[in-house]
Amino acid sequence: MGMTINGRDWVLRSRAPGRVERIEAFFSGHGYDPHRHDSYAIGRTLSGVQSFCYRRAMRHSVPGGTLVLHPDELHDGMAGTEDGFRYRMLYIDPVLIQQVLGGKPLPFVAGGLSDDVRLQRAIGAFMQAVDHPLEALEEDDAIYDLAHALNAVAGTRRGRRAFDYPAAQRAREYIHSRNGASITLEELEHVSGRDRWSLSRDFRALFGTSPYRYVTMRRLDRCRELALAGIGLADAALIAGFFDQSHMTRHFVSSFGLPPSRWLGMVKLQDRTR
């Protein structure tokens, strides 16, 4: 594991095959601008104080607790002290949580921080060093444990309504089949068999974000893969379905909190120092 070089920030991504994205990172000061993504972001602060604004309040994560950021919730990130902060985080697709919970509304853990021991235990496998691979069955067990821990810690939410999980799943699969192409709500209505506004509500409740945001995030995922493979950002943007690089950059910043060039530079810096 490399450390900071001359005080520079870095991000290390796990290259091990798996269904859950894992990173370890260090930031000496400002980390991320306000942004939101369509996955759960769950992890631990390893050293320092990780400060962030979440649901209109400033939060401070220190070693020992668990960060639980819900999909599509706006947040930023910065060092709470001059020493900077180091942390590990997993980003898990709500679809994986749904596969365990079977169509329940996504669990919501208030406040973005938890001291609940059930969550601490459930993320243990994912919090190993990012260069430590997880066996496929080990990862599946960890996903199962995490889904149930989230559900237990969140508790029952009031006003629960019936959701059409199969219809929302058909819409999600259609989005993936289009490979970044533009999609209308009318198309999703047709393929899902659900009226568009009920589908839009269900999609948000079950997968944590709107259909359009889900499409955008799949394009951004493709951009990151292409950029890491050496494709220029302008070409990656077009291949992934954006109008141009500036269009992609605006969405990248709003989804990850930093420009794609800075993100790519931090990843490459850490690769060179390992």
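Guide: A polar contact is a pair of N or O atoms within 3.5 Å; within protein, one atom must be able to donate a hydrogen and the other to accept it, and residues adjacent in sequence count only if both atoms are side-chain atoms. This is a predicted model, in which local features need pLDDT of at least 70 and side-chain atom pairs count only at pLDDT 80 or more, while totals for chains, interfaces and linings use all residues. Residues are numbered from 1 along each chain as its sequence is written, and side-chain values use heavy atoms, with hydrogens and water left out.

Start at His-35. Its side chain reaches the backbone oxygen of Asp-33 at 2.8 Å. His-35 belongs to strand β3, residues 30-35. Strands (E, at least two residues) and helices (H or I, at least four) are DSSP runs, numbered from the N terminus. His-35 has a relative accessible area of 4%, so the residue is buried. Buried means under 20%, exposed over 50%, and partly exposed in between, using a 1.4 Å probe and protein chains only.

What does His-35 touch, leaving aside its neighbours within four places in sequence? Its contacts (heavy atoms within 4.5 Å) are Glu-73, Leu-74, His-75, Asp-76, Val-253, Ser-254, Ser-255, Phe-256 and Gly-257.

Now widen the view to the sheet. Four strands form an open, antiparallel sheet in the order β3-β8-β5-β6. Two strands pair if DSSP finds at least two bridges between them. Strands β3 and β6 (57-61) are the edges, each pairing on one side only. Neighbouring strands here are turned by 20 degrees against each other on average, direction ignored. Axes are lines fitted to C-alpha atoms, for helices over the stretch in contact; angles run from 0 to 180 degrees between N-to-C directions. Strand β5 (residues 50-54) pairs with β6 in the antiparallel sense over 5 bridges. In one of them, Gln-50 has Ser-61 of β6 as its partner.

Next come the charged links. A salt bridge is a side-chain nitrogen of Lys or Arg within 4 Å of a carboxyl oxygen of Asp or Glu. The count by this rule is 17.

Take Asp-72 and Arg-213, whose side chains meet in a salt bridge at 3.3 Å, N to O. Asp-72 sits in the loop between β7 (66-69) and β8 (75-79), Arg-213 in helix α7, and 141 residues separate them. Asp-72 is partly exposed at 22% relative accessibility. Arg-213 is buried at 8%.

Another salt bridge joins Glu-21 and Arg-224, with the closest N and O atoms 3.1 Å apart. Glu-21 lies in strand β2 and Arg-224 in helix α7 (residues 211-228), so the pair ties together parts 203 residues apart in sequence. Glu-21 is partly exposed at 22%, while Arg-224 is buried at 10%. Both belong to a network of salt bridges that also links Arg-13, Asp-38, Arg-218 and Asp-221.

Arg-19 and Asp-140 form a salt bridge too, at 2.5 Å, N to O. Arg-19 is in the loop between β1 (10-13) and β2 (21-27), and Asp-140 is in helix α3 (residues 136-154), 121 residues away. Arg-19 is partly exposed at 43%, and Asp-140 is partly exposed at 33%.
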